[in-house]
Amino acid sequence: MVGELRLGPVARGLLTYFPAINDLVPEKAAGGATTSATYCYGVWLKHLTMLHEHGFRGTPATIAELGPGDSMGVGLCGLLSGADHYVGLDVIAHTNTARNLKVLDELALKFRDRTPNVDKGWPYFHTLLDERAFPRHVLTNERLDASLSPGRIASIRQAIASPSLARDITAEYKAPWFDPRIVEADTVDLIVSQSVLEHVVDLPATYQALYQWLKPGGWMSHQVDFKCHGLTKSWNGYRACSEGMWALALGKRPFMINRQPPSVHLRLLREAGFELVHHEKFLRQDGIRREALAPMWADISEDDLNCSGLYVIATK
Ligand SMILES: C[S@@+](CC[C@H](N)C(=O)[O-])C[C@H]1O[C@@H](n2cnc3c(N)ncnc32)[C@H](O)[C@@H]1O
């Protein structure tokens, strides 16, 4: 019985046991949506505006992003907003130089024109934007005049095209990363991630790494997506799957979704040493019912069962 699981993912998981056939079937792209400059711009404006709303001030000199996916676009937004250093850490090298340069050019125009943000999704931050749907109170004209100077944009371009020659401004993409020492301890001012922490296999070690990288007083902003990523019929249907079926669907893939609920993220974050500044949950009632839960989720709280999204800000 496949039950809540969709057939496609189970078949895909089974295929991973037959590498000769598996290699012939291309896996659906898993690098998210960051080939789109519009998407990256919306993600960055959201994290930046939410951070400002909850007390973050100034321009972070160094930004780290977990799981940038198909481009460094979110980090490039950070550089175009005044940061000098960006490091993206992924487990798969999804991106390439040509794509990053293209996204940079599109983003530079958006910041120059203060293009209205079109993302009205959750968490709802558009009410914090000005009448032109731009966070003018955060990205002031003075700040953007300096950060978008032709010299800086040329340096960002150089940082992407020739990373080994980059000095004042750097943009690095480290994939795969496994060892937290890949980033020097206490060197990062801001860490962001968008739809990544639900995929991370070793969550405790990852929250500890984030803590290690951040400077004392540094901030982080994460959005976690607890929906099924197309694996099951209901958005939280994976909580109805037996461990055997889940293992079959995973096959030999290195990761899928870790299924850890929001309470686990919040606990691990605190255990790593972070101070929680703000969090919000997107709760919905249209998922699987409690009676359908697999034994391992039988004691899950109502909040954990019904939460399809977590947005969290924390400091070190
Ligand atoms: C759904 S994509 C999101 C990509 C991008 N942040 C976006 O918003 O489109 C998830 C990303 O997380 C990455 N990922 C999975 N496990 C990771 C880990 N332990 N550390 C860093 N990145 C990870 C994947 O390779 C992929 O790029």
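User: Which domains does the assignment give for the protein chain?
Analyst: This is a predicted model. The assignment gives domain 1 as 1-29 + 227-257. Domain 2 is 31-225 + 261-315.

User: How far apart are the C-alpha centres of domain 1 and domain 2?
Analyst: They lie 27 Å apart.

User: And how many residues does the contact take from each domain?
Analyst: Domain 1 gives 15 residues to the contact, and domain 2 gives 16.

User: How do the residues on the domain 1 side divide?
Analyst: The side of domain 1 that touches domain 2 has 7 nonpolar, 4 polar and 4 charged residues.

User: Switching to the ligand. How many residues surround it, and which are the closest?
Analyst: The ligand is surrounded by 22 residues. Gly32, Gly67, Gly69, Gln194 and His199 are the closest.

User: What classes make up that shell?
Analyst: Around the ligand there are 11 nonpolar and 10 polar residues, plus 1 charged.

User: Now strands. In what sense do S4 and S5 pair, parallel or antiparallel?
Analyst: Parallel, over 6 bridges. S4 covers residues 188-194 and S5 covers residues 214-225.

User: What stands opposite Val192?
Analyst: Ser221, in S5.

User: Which helix does the chain cross through from S4 to S5?
Analyst: Helix H8, residues 203-213. This β-α-β crossover is right-handed.

User: Which strand do 7 bridges join to S5?
Analyst: Strand S7, residues 307-315. S5 and S7 run antiparallel.

User: And the bridge partner of Asp225 in S7? Which residue?
Analyst: Gly309.

How values were computed: Residues numbered from 1 in each chain as written. Predicted model: local features only at pLDDT ≥ 70, side-chain atom pairs only at ≥ 80, totals over all residues. Domains from an automatic or database assignment. Contact = placed C-beta atoms within 7 Å. Nonpolar A, V, L, I, M, F, W, Y, C, P; charged D, E, K, R; others polar. Near = placed C-beta within 6 Å. Pairing = 2+ DSSP bridges. Helix = DSSP H or I, 4+ residues; strand = E, 2+ residues; numbered from the N terminus. Right-handed = clockwise from strand over helix to strand, strands pointing away.
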